[in-house]
Amino acid sequence: MNRVVITGLGCVTPIGSTVPEFRDSLFAGRTGISPIRDVPDTPDGDPGVRYKQAAQIFDFDPAEHLDSGIISATNRNTHFGIVAARQAAAQAELLKHHAPGDIAIIMGCACGGRSSEEHEVKGLYTRNARAHPLTIVRTMSSAGASNISIDLRITGPTLDISTACASSTHAIGLAFHMVRSGMSTAAICGGHEAPLSWGFYRAWDSMRVVSPTQCRPYAADRDGMTLGEGAAMLVIETLESAQARNATIFGEIVGFGMSADANHITQPQAEGAAAAMRKALADANVSPEDVGYINAHGTGTQANDATEAAAIHQVFGMRASQIPLSSTKSLHGHAIGASGALEALATVLGLQERRLPHTAGVTNPDTSLNIDIIVNGPRATGPTVALSNSLAFGGLNAVIALRTWQ
Amino acid sequence: MDDIAKRSIEIIAKAKNIPTDTIHLDTTFEELNIDSLDKINISFEVEEAFNIEIPDEALGSLKTVGDVVNGVKQLIEAKAAGTLPAATS
């Protein structure tokens, strides 16, 4: 089987709309979480919810990147996806070295074109208005993958995966297996999401899991998650093809594991997350002793963080308290279907730069969890294997294992 | 050029992100690179602007900007004469 390496990176996020910007914010601990504003379709831009912050993207103008026809036919989530995919493809010089039919596009997206759909439904319910004729193509969940393929003229296997908050980790894992097996020689994989609409804010408010203060994963006083948006992309390809053209390699994907809790739609189970981590390690053919970093799902809710910590103890036993761990959601928020891709990007950058990103905003770590939470700035590391965890509503778990390239 | 023609050209120009002065009544959809998706998008915007509904069978016969303008005028007149229902929005 092929070894699979990462040769291109791209992103549009609340902490940077290019990878260098994202990297700077990540290691500086500069958060993209800010007061909610300008929510479309609300009477005054205020969604009227108990929490006041979200990780929104303010510095992205689609007109700077896309022509009017594409902008009109697509939702904000697809705008993010196309631009991030272009960045990653350009960095890897993807189409210069791979035939369009040999490249896969595997995206993760949980919400689709939610804001466009809400806008049309509002018109229908309040004025019996007709729906805009582009509503379907703007809102379908696969719009991102389709438009990226059209934009880059890539004709290989192309699809969007929807598994709630694990969507883009599943996407990266599937793409990894496709390249490893030889089904495709390269892939653009990751996720894209722009769900910050009025109804979305309200629905999460009703669930009472969004922090009214600040997202503080693994803090003793954690009180919830913070919603976000964005896109992140990896270009992956066989080691053979990357070396044949002297490509810059940013890291290696070595394993992928997934599982289902089969228990509860919102209450995570440690056994399910542990199974996904074990499968990723087995797939990578590495032992738990080889793991030197975990980018946790780490939403900042009471249930997630305690369950994930318990899962880590199940997998790593005595070593669980010694593996550096962080949740970068404290910086870029929870971008739902795209969050796994943002975290994979953060993990790749950490491995590449040999410094592990920290969990911002945590001054009082939850010592009862008995894990090594990185706080107060990045931590230096040697070459290592890292896990990037995604644990979704519905009990769908996905974990990718990455290794420092050296 | 009358107001209906000006407004129709503005809608087409906005949809294609091109200057209004590059569009004339005899400009063809082919010249403007208007595809089927553009066509239904522009039709929707025209319907919204003039509070009319373009019949499905009329969409296929639109070939030029002038066709759009003439079609809009006919629909407005028909509506005023009470021979067409008003749009629902």
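I took a salt bridge to be a side-chain nitrogen of Lys or Arg within 4 Å of a carboxyl oxygen of Asp or Glu. By that rule I get 2 salt bridges across the interface of chain A and chain B.

Ground rules I noted: residues are numbered from 1 along each chain as its sequence is written, and chains are lettered from A and ligands numbered from 1 in the order in which they are written. The model is predicted, so local features need pLDDT of at least 70 and side-chain atom pairs count only at pLDDT 80 or more, while totals for chains, interfaces and linings use all residues; side-chain values use heavy atoms, with hydrogens and water left out.

**Interface**

I looked up the contact (heavy atoms within 4.5 Å): chain A gives 12 residues and chain B gives 15 residues. Together the two chains bury about 1,000 Å², 53% of it on carbon and sulfur atoms. Buried area here is the accessible area (1.4 Å probe) that two parts lose on being put together, summed over both. On the chain A side, Ser68(A), Arg130(A) and Pro133(A) lose the most area to chain B, together 55% of what that side buries.

Which helix gives the largest share of the side of chain A that touches chain B? I found helix H2 (residues 68-73) of chain A, with 4 residues. Helices are DSSP runs (H or I, at least four residues), numbered from the N terminus.

**Largest pocket**

I moved on to the largest pocket, with about 1,200 Å³ of space. A pocket is an open set of points on a 1 Å grid over the protein atoms alone, where a 1.4 Å probe fits, with protein on both sides within 12 Å along at least five of seven lines; lining residues have an atom within 4 Å of a point. I count 44 lining residues, with Ile71(A), Thr74(A), Ser116(A), His119(A) and Arg138(A) nearest the centre. H5(A) supplies the largest share of that lining, 7 residues.

**Second largest pocket**

This one has a volume of about 330 Å³. Its lining has 18 residues, and Gly69(A), Ile70(A), Ala73(A), Asp35(B) and Leu37(B) lie nearest the centre. I noted H2(A) again, giving the largest share of this lining with 4 residues.

Conventions:
Helix = DSSP H or I, 4+ residues; strand = E, 2+ residues; numbered from the N terminus. Points joined across faces, edges and corners; volume = space filled by probe spheres on them.
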